[in-house]
Structures are given as structure tokens and as C-alpha cells.
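Please read these notes with the sequence and the model side by side. They move from the whole chain to its sheet and then to one pair of helices.

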Amino acid sequence: MYGIVEFALGAIMGYLITRVPFLIFPRFKSWNQQFSPHPEPVYVDSHLIQRVLHMRLFYWLALVFALIPLIFGWLSISHGSAPIGFGMWVVSGWLVLSRLTSFISGEESTWNKQMAMRLQSVRNECDGDNPCCDLALPLWEVTQVRCRTCGKNLLNEPRPDLGRPRSDGFFAGSIRLLISDGKPIVSSEEE
Ligand SMILES: [Zn+2]
């Protein structure tokens with residue numbers, strides 16, 4: 001019985017350590033001053049496109065962070081509590097395997113280059129010769145990018161977590177993020 005508790009403890013630790021880059025790193029206040037506060041729509045500009053690429057980096061950084069529970073798990077198995085070590089290994093090993101297999105099969109992460117490029121092309125359209133209106137202000141709402149001035153739908157793209165400090169507080173927000181893994185809460189509705 002005690003072994004099960006230890007195993008669960010190791011699993012939870014392994015899980016949380018690998019989520020540190022995504023849960024903690026982007027959420028410092030100084031890193032978010034150029035963005036409107038969560039959960040308001042975000043203005044589509046170069047800062048936002050940069051942020052999408054940073055979120056993608058943090059997603060992949062989880063693989064590096066998985067080394068921590070793998071190493072400590074191994075130490076724990078050989079010198080300390082075997083169940084804790086196995087718990088750490090199972091969770092972090094699973095993360096490494098699932099990320100690598102999805103990478104090999106060409107599956108994209110929640111934040112990816114294509115998403116950044118689609119946002120960039122919205123930006124270009126608004127700055128270019130053929131904007132939706134005279135004062136084109138693309139805003140990323142929950143399910144789409146829409147012009148604030150004329151209301152035109154510019155891109156059907158549900159908004160994932162962008163690393164802004166959460167309006168529901170750090171703990172409740174983190175739990176929600178752990179459940180959703182940062183994916184958009186609603187799916188896009190086709191027009
Ligand atoms: Zn417009």
C-alpha cells in the first residue's frame with residue numbers, strides 16, 4: 001500500500017517537473033507587459049507572433065526537463081525508494097516517447113511555426129494594400145482573429161494558452177493548464 005503512495009508521489013513530481021517550462025517561464029509579469037491581460041483578446045503583432053514561437057520552444061523544452069526526473073528516478077531506484085523512482089520514470093519516459101513519436105509522425109505541437117505564419121499573414125494583410133478596413137486592428141479572440149474596427153473574421157484559429165498570467169490565479173490556472181495542456185478551450189467553428 002505504501003508503495004502505491006510513493007509511486008504516485010514520484011509520478012506527480014515527474015509530471016510537474018516536465019511542465020515547469022510551460023507553466024512558469026512565460027508567466028513573469030515583465031514578460032507580459034506588451035499583452036492585454038488574460039483572458040482578453042490579444043492584438044496580433046510581432047510580439048504575439050514571437051510569443052507563439054516561444055511557447056513552441058517551451059513545449060519542446062519539456063524534453064530537456066524530462067531528464068531531471070529520469071536522473072533522479074534512476075538514483076531513487078538504485079539508492080532510495082524504488083516506487084518513487086519508477087513513478088518518475090513512467091511519467092517522464094511516457095512524455096519523451098509521446099513527444100518523439102508525434103514529432104516523427106509529423107504531428108504539430110499546440111503552438112507551431114505554421115500558426116505563427118498564419119498570424120503573420122493576417123498582420124501583412126492588415127498592413128498591406130488590401131486591408132479589411134481603413135483602421136485594421138486584428139485581435140485574437142477565443143475562437144478566431146477578428147478586426148476590432150470592422151468586425152471581419154480574418155482567421156479561423158482558436159486561441160491556445162499564450163503564457164500570460166492567468167486571471168483565475170496561479171493555482172487554479174495551473175490546474176486548468178495541466179488538464180488542457182494549453183490547447184484552446186473551444187474548437188473552431190467552420191463558417
Ligand atoms: Zn477591419
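1. The secondary structure of the chain comes to six helices and four strands, where helices (H or I, at least four residues) and strands (E, at least two) are DSSP runs, numbered from the N terminus. Read from that end, the elements follow the order α-β-α-α-α-α-β-β-β-α.

2. This is a predicted model, in which local features need pLDDT of at least 70 and side-chain atom pairs count only at pLDDT 80 or more, while totals for chains, interfaces and linings use all residues. Residues are numbered from 1 along each chain as its sequence is written.

3. The C-alpha trace spans about 70 × 35 × 30 Å along its principal axes.

4. The four strands form an open sheet in the order β1-β2-β3-β4, with antiparallel pairing, and two strands pair if DSSP finds at least two bridges between them. Because β1 (42–43) and β4 (153–155) stand at the edges with a single partner strand each, one side of each is left without a neighbour in the sheet. Two bridges join β1 to β2 (residues 138–140), and Y43 stands opposite L139 in β2.

5. Helix α1 (residues 2–23) packs with helix α4 (residues 82–104) at an angle of about 40°, their axes lying 6 Å apart; axes are lines fitted to C-alpha atoms, for helices over the stretch in contact, and angles run from 0 to 180 degrees between N-to-C directions. Among the residues that meet are F7, L9 and M13 in α1 and I84, F86 and V90 in α4, a contact being counted if the C-beta atoms, placed from the backbone, lie within 7 Å.

Definitions and conventions
Two residues are in contact if their C-beta atoms, placed from the backbone, lie within 7 Å.
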